[in-house]
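User: Please take me through the pockets in this model, with the cut-offs behind each term. I have not seen this structure before.

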Amino acid sequence: MAGWRPAPTAVAVALLLAGCTSGSDDEPDADGKPSRTATASPSLSTPPVSEPYTLAEDRAPRTRAEALAFVRDLDVRPDYFGSGFRKREPYESDPAQWAVLGQDCLWRREALPDTVLASLTRSFELPERDGKGPVYVSLTVTVHRDAVSARRDMAGALESALRCPEQRLNATDRVRGLYSQIDAYTDARSAITEDDLTETGEWLTDGGKAHPFDWYMFRVGPVTVAATARQGAGRSETEEDTITAGVAKGVAFVAADIDRLGGTGDTGATGDPTQTEGAEQ
């Protein structure tokens with residue numbers, strides 16, 4: 001089996017540069033740091049923020065209906081991941097299900113547990129061109145009932161790589177040699193979200209050669225944003241690193257939009273403490 005493929009330095013740089021709540025509307029504060037009061041959509045070229053993206057629980061969706069509206073309203077653009085990406089069919093998953101890694105190390109889609117309100121996966125691809133294989137990206141936004149549930153999901157994702165260093169994605173695709181690292185914003189290092197997980201390994205399909213596989217998972221309050229990237233053949237190591245960094249940026253852009261919605265209060269939550277979830281199920 002091929003050796004461990006460490007996450008390139010480009011990814012760490014991407015996580016810093018992707019800190020972007022707005023763009024030109026960000027005004028520096030008295031200390032010369034970007035403010036967090038802007039309400040525009042994430043920009044692709046703004047400087048890093050000084051604090052992590054977050055979503056207060058009292059501003060987060062409270063019911064399944066609100067959570068569904070929230071994940072659908074998030075704008076996930078193909079160019080978040082780099083030039084040339086486009087939507088892939090089928091584009092969206094069933095938001096009443098999410099991916100679960102079984103004891104047999106096979107990924108399956110199952111009904112949402114009580115701790116999850118909605119989970120929507122969107123699929124993208126960079127088509128094959130000039131002898132370079134396609135790149136497949138799947139991005140999932142999951143709304144948990146609270147931040148504790150989201151943190152447990154992060155911990156479970158880290159444990160899955162230890163439990164199943166080789167995982168089957170479906171009947172033909174698998175990943176192996178997985179290496180994971182999880183960090184919290186308070187761990188004395190620069191970050192853009194409250195917790196983040198990075199995972200690298202190798203992707204194989206139909207018994208072919210191994211190619212890069214990357215997985216990112218960010219926590220923004222009770223919401224997690226995760227993305228996987230599977231790269232086809234034909235790219236140099238530098239080109240592979242560029243793709244990897246681009247996908248990391250894409251996840252950060254979505255985290256920025258969640259933070260923005262939390263700042264404006266426009267998350268779908270009604271603010272009505274008397275509303276019960278059973279009314280809209």
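**The pockets and their linings**

Analyst: In the second largest pocket, helix H4 (residues 237–264) supplies six residues, the largest share of the lining. The model is predicted, so local features need pLDDT of at least 70 and side-chain atom pairs pLDDT 80 or more, while totals for chains, interfaces and linings use all residues. Residues are numbered from 1 along each chain as its sequence is written, and side-chain values use heavy atoms, leaving out hydrogens and water. Helices (H or I, at least four residues) and strands (E, at least two) are DSSP runs, numbered from the N terminus.

The volume of this second largest pocket is about 410 Å³. Its lining has 20 residues, and those closest to the centre are Gly82, Ser83, Phe85, Leu126 and Ile243. A pocket is an open set of points on a 1 Å grid over the protein atoms alone, where a 1.4 Å probe fits, with protein on both sides within 12 Å along at least five of seven lines; lining residues have an atom within 4 Å of a point. Points are joined across faces, edges and corners, and the volume is the space filled by probe spheres set on them. By residue type, the lining of the second largest pocket holds eight nonpolar, five polar and seven charged residues. Here Ala, Val, Leu, Ile, Met, Phe, Trp, Tyr, Cys and Pro are nonpolar, Asp, Glu, Lys and Arg charged, and the others, including Gly, polar.

The largest pocket has a volume of about 1,200 Å³. It is lined by 40 residues, of which Ala99, Trp107, Arg109, Thr140 and Thr228 are the closest to its centre. At least two lining residues come from each of these elements: strands E1 (86–92), E2 (97–101), E3 (107–111), E4, E5, E9 (211–220) and E10 (223–231), and helix H3 (147–163). H3 gives seven residues, the largest share of the lining of the largest pocket. In this lining, 16 residues are nonpolar, 13 are polar and 11 are charged.

The loop between E4 (116–126) and E5 (135–144) holds glycine 133. Glycine 133 touches Glu128, Gly232, Ala233 and Arg235, leaving aside residues up to four places away in sequence; a contact means heavy atoms within 4.5 Å. From glycine 133 to arginine 235 the C-alpha to C-alpha distance is 8.0 Å, with the two 102 residues apart in sequence.
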